[in-house]
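This report goes through one protein chain, from single residues to the whole fold and back. Please look at the sequence and the structure below before reading on.

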Amino acid sequence: MQIRPTAVAGFFYPDDPQQLRAIVTGFLEDARGGAQAHPRGVAPDSVQGVIAPHAGYIYSGLTAGSAYVQLEPLADRVRHVVIVGPTHRVGIHGIALPDADAMATPLGLVPLWAEGVSRALACPRVEVSEAVHAQEHSLEVQLPFLQMTLPDVDVLPLAAGWVEPQDVALVLSDVADPADTAIIISSDLSHYHPYAEARRIDQETVRQILRRDPLVSHDQACGATGINALTLVSNQRGLHPVLIGMCTSGDTAGDKKAVVGYAAFGFYATSLDEEEEDQ
């Protein structure tokens, strides 16, 4: 078995299994007790995908936890998870899969979805690249949360580089059957603006996502390609995005001079009533 080892354990999140399990458990418990644990107006088990941040857990862990709590009602039927994240270290004019059979975290191995890999590789712009995945954190940091909420799933980790959202959406549409597959889009929001400016930028980005409009640039969200791909799929399927949580690094563990924004969304197959949409 070929394993993609951890690259950011001990940096973005604890490398000690007990500490990691404890911190993720805490984030999930806090999220379950929050006002948006499961939004009003939607059936919790109708969620088909989420957007979750990918920063260090000290900054964005609670927001990430609120996204993963949305997936817990799917534990009895979902067997596969497609994760789409941006590339930070090695660029690629395409969509990269790791050259591996499993991905490691301090909590153990997460197997790759073999059939999903074969189906994805049949799509345009998809290839295998060990180099793209070797140091990439946007996919890795999602795995401990996944191991704690949907421990029996396998994954299809897609690193999206310089590629059109339509290309990513084609893969999602082809492989992500909502009967047994969930989608996770890994993305932070704006980067390194003063607190008030970041909040303004992020609030507009949130409004665009809730309207299912495409984002203008990666300055709004580093995972804009994946977000826009999910928006395309959402429009095809008639899904309804809901904001679950939102903050910046200035609200958690950083100063407010130059912050990074984070948000969690759920995409549901059920309709919101007019009162909920107005809110």
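Arg125 is partly exposed, with a relative accessible area of 36%. The model is a predicted one, and in it Arg125 sits in the loop that joins α3 to β7. Its backbone stands out for one angle: phi of Arg125 is positive, about 75°, although Arg125 is not a glycine. Most residues other than glycine have a negative phi.

Tyr192 is another residue of this kind, with a positive phi near 65° in a residue other than glycine. Tyr192 belongs to a strand, β10, which covers residues 191–193. Is Tyr192 buried or exposed? Its relative accessibility is 59%, and the cut-off for exposed is over 50%, so Tyr192 counts as exposed.

## The chain as a whole

The chain contains eleven helices and twelve strands. Along the principal axes, its C-alpha atoms fill a box of roughly 50 × 40 × 35 Å. For 279 residues, a compact globule would have a radius of gyration near 19 Å, and the 17 Å of this chain agrees with that.

How much of the chain is buried? Of the 279 residues, 56% count as buried. Among contacts with a separation of 6 or more, 83% join residues 24 or more positions apart. The accessible surface is about 11,500 Å², and carbon and sulfur atoms make up 50% of it. There are 17 positive and 35 negative side chains, and the centres of these two sets lie 4 Å apart.

Helix α3 spans residues 114–121, and its buried residues are Gly116, Val117 and Ala120. These residues lie on the same side of α3, because they cover an arc of only 105° around the axis. An α-helix has 3.6 residues a turn, so residues three or four places apart point the same way.

What does the buried side pack against? The buried residues of α3 pack against the strands β4 (95–97), β7 (126–128) and β8 (154–160), and also against helix α7 (165–175). On the other side of α3, Ala114 and Ser118 are exposed.

## Two buried serines

Ser186 is found in strand β9, residues 181–186. With 0% relative accessibility, Ser186 counts as buried. Leaving out residues up to four places away in sequence, Ser186 touches Ala52, His54, Val84, Gly85, Pro86, Ser138, Gln142 and Gly223. Gly226 is 40 residues from Ser186 along the chain, and the C-alpha atoms of the two are separated by 7.5 Å.

Ser60 lies in helix α2, residues 57–71. Ser60 is buried as well, with a relative accessible area of 1%. Beyond residues up to four places away in sequence, Ser60 touches Pro53, His54, Ala55 and Tyr262.

## A glycine in a loop

Gly254 lies in the loop between α10 (249–252) and β12 (259–268). At 30% relative accessibility, Gly254 counts as partly exposed. Apart from neighbours within four places in sequence, Gly254 is in contact with Tyr59 and Ser249.

Where is Ile58 in relation to Gly254? The two are 196 residues apart along the chain, and their C-alpha atoms are separated by 9.3 Å.

Methods:
Residues are numbered from 1 along each chain as its sequence is written. This is a predicted model: local features need pLDDT of at least 70, side-chain atom pairs count only at pLDDT 80 or more; totals for chains, interfaces and linings use all residues. Side-chain values use heavy atoms; hydrogens and water are left out. Helices (H or I, at least four residues) and strands (E, at least two) are DSSP runs, numbered from the N terminus. The radius of gyration is taken over C-alpha atoms; the globule rule is 2.2 Å times the number of residues to the power 0.38. Buried means under 20% relative accessible area, exposed over 50%, partly exposed in between (1.4 Å probe, protein chains only). Contact means heavy atoms within 4.5 Å. Accessible areas come from the Shrake-Rupley method with a 1.4 Å probe; for residues, only the protein chains shown count as cover. Lys and Arg count as positive and Asp and Glu as negative; His and the chain ends are not counted. The place of a charge is taken as NZ of Lys, CZ of Arg, CG of Asp or CD of Glu. The arc is that of the directions from the helix axis to the C-beta atoms.
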